Amino acid sequence: MSIKFLSRITALVLLFSLVCTSCISKKEVLYFQDIEALNNQTDNTNYNTIIRPDDLLSITVSSQDPESVAIFNPVAGAANALRTTNDRLGTYLVDSNGNIEFPFIGTLQIANKTRVEAIALLKGEINKYAKEAVVDIRILNFSISVLGEVQRPGTFTIPNERITVLEALGLAGDMTIFGERKTVKIIREENGVKSYGELDFTSIDVVNSPFYYLQQNDVVIVSPNKAQVQSGAFNRNSTIFISIAGIIISVLTILTR
């Protein structure tokens, strides 16, 4: 076997190693390749945040007569003897049975209700004692997680209780070039039952999915694409192969001088 032939084989191996680590087609990385279909579509606002066990709620009650509702606000009525020790400055933890203990009113079943439904329930109880009360409820620990092939994987707290999967990916720094756009998974748990959905980010149909708006504790998982999976094992040794190939080429160059 001639030195010239070995040199060519070595060069081909080096070229093959570089190609295998960088071959990703344009169609695999472009978002919303049919975005023209978005024109004239109505906004998908079909999302409702459901209060669940272990949610930490901020509840404030206001009125034109602040004194009439002071008893329902631990912050304002901290000196009131009816304030419970479980209330931490107006925050309430929904227990495993879906209940909270609210000042003066007592136990309230609040889980599995939307924020609007929970406000209506609380107003109904408070208005027995103070007329024209205004109730505001916020979920303080509303968070989602983004994992896998993204720039900054992690868990993110959402202050306004409303986030789309696009916004979640933005918080995580977007998918890497190796993220599989067609099978992004959303894992969700409702009433103790886990489910998941898959979103294809190359299609604008993502905005019509029931998983487009995320719920608290949803987990977004971006899998590696085929190029990354296939090159995974090779990449671990690619630097060694390239180094060896470079040495062989250098040696052959010296020998053929």
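Of the contacts in the protein with a separation of 6 or more, what percentage comes from residues 24 or more positions apart? I looked this up and found 64%, where contact means heavy atoms within 4.5 Å.

Before going further I noted that this is a predicted model, in which local features need pLDDT of at least 70 and side-chain atom pairs count only at pLDDT 80 or more, while totals for chains, interfaces and linings use all residues. I also noted that residues are numbered from 1 along each chain as its sequence is written, and that side-chain values use heavy atoms, with hydrogens and water left out.

**Overall make-up**

I listed five helices and ten strands, taken as DSSP runs numbered from the N terminus (helices are H or I with at least four residues, strands are E with at least two). Of the 257 residues, 37% are buried, a word that stands for under 20% relative accessible area, with exposed meaning over 50% and partly exposed in between (1.4 Å probe, protein chains only).

**The core**

I next looked up the largest nonpolar core, which has 49 residues, with Phe102 and Ile126 having the most contacts inside it. Such a core is a set of buried Ala, Val, Leu, Ile, Met, Phe, Trp, Tyr and Cys residues joined through side-chain atoms within 4.5 Å. The elements giving two or more residues to this core include β1 (56-62), β3 (99-102) and β10 (219-222), and the largest share, four residues, comes from α3. Leaving aside neighbours within four places in sequence, I found Phe102 in contact with Ile59, Val61, Phe72, Tyr92, Leu108, Leu122 and Ile126.

**The aromatic rings**

I counted nine aromatic pairs in the structure; rings of Phe, Tyr and Trp (its six-membered ring) pair if their centres lie within 6.5 Å, and planes under 30 degrees apart count as stacked, over 60 as edge-to-face and the rest as tilted. One of the pairs is Phe72 with Tyr129, which is tilted, at 6.5 Å centre to centre and 45 degrees between the planes. This pair links distant parts of the chain, 57 residues apart, since Phe72 is in the loop between α2 (66-69) and β2 (91-93) and Tyr129 in the loop between α3 (115-126) and β5 (134-139). Phe72 counts as buried because its relative accessibility is 1%, whereas Tyr129, at 49%, is partly exposed. Tyr212 and Tyr213 form an edge-to-face pair, 5.2 Å centre to centre with 80 degrees between the planes, and both are buried. Finally, I wrote down one aromatic cluster, formed by Phe72, Tyr92, Phe102, Phe104 and Tyr129.
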